[in-house]
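Dear colleague,

Please find below the structure that I am handing over to you. My notes on what was found in it follow directly after.

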Amino acid sequence: MGFQKELRSAELTISFYKKQHLFRVGVSEAASSVKRICEKQKIYIDTEEGHVTLKQVKCDQQKKRVLALVRVKTKDGLSDERELMLDWKTGEIMRWANPD
């Protein structure tokens with residue numbers, strides 16, 4: 001019985017790290033292609049760990065900010081999404097939070 005709990009705990013930990021890796025992939029892609037997010041509405045990325053979707057929420061060229069939603073789904077079914085605000089020129093993260 002204890003072994004099954006430990007195994008399940010290990011599986012959850014692995015899934016969590018896969019999910020975190022997918023978020024890093026999404027942020028890296030968003031930062032490198034800020035203007036493309038405003039042009040395309042959605043960007044899809046497939047990796048070994050799962051799938052990342054970058055969805056444009058708002059592009060404010062006057063304030064030089066891009067608001068995007070980063071959605072991730074691991075191949076073993078764990079999913080999450082977070083809101084990301086980037087600087088239009090530098091691609092720097094200005095805000096990173098869970099949407100409520």
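Two strands are said to pair if DSSP finds at least two bridges between them. The structure is a predicted model, and the following notes should be read accordingly.

Strand S1 (residues 42-46) and strand S2 pair in the antiparallel sense, over five bridges. Within this pairing, Ile45 stands opposite Val52 in S2. A hairpin of three residues joins S1 to S2.

Strand S2 is also joined to strand S3 (residues 65-74), by ten bridges, and these two strands run antiparallel. Here His51 stands opposite Lys73 in S3. The hairpin formed by S2 and S3 has four residues between the strands, and Lys64 in its turn has a positive phi of about 60°. As a general point, the side chains in a regular strand alternate between the two faces of the sheet.

I then turned to the cysteines. A search of the whole structure finds one disulfide. A disulfide is a covalent bond between the sulfur atoms of two cysteines. The partners are Cys38 and Cys59, with their sulfur atoms 1.8 Å apart. This pair links distant parts of the chain, 21 residues apart: Cys38 lies in helix H2 (residues 34-40) and Cys59 in strand S2 (residues 50-60). The link of Cys38 and Cys59 is left-handed, with -105° about the S-S bond.

Are the two cysteines buried or exposed? Cys38 has a relative accessible area of 17% and is therefore buried, the cut-off being under 20%. Cys59, at 26%, is partly exposed.

Yours sincerely

Terms used: Residues numbered from 1 in each chain as written. Predicted model: local features only at pLDDT ≥ 70, side-chain atom pairs only at ≥ 80, totals over all residues. Heavy atoms only, no water. Disulfide = S-S within 2.5 Å. Buried < 20%, exposed > 50% of the residue type's maximum accessible area, 1.4 Å probe, protein only.
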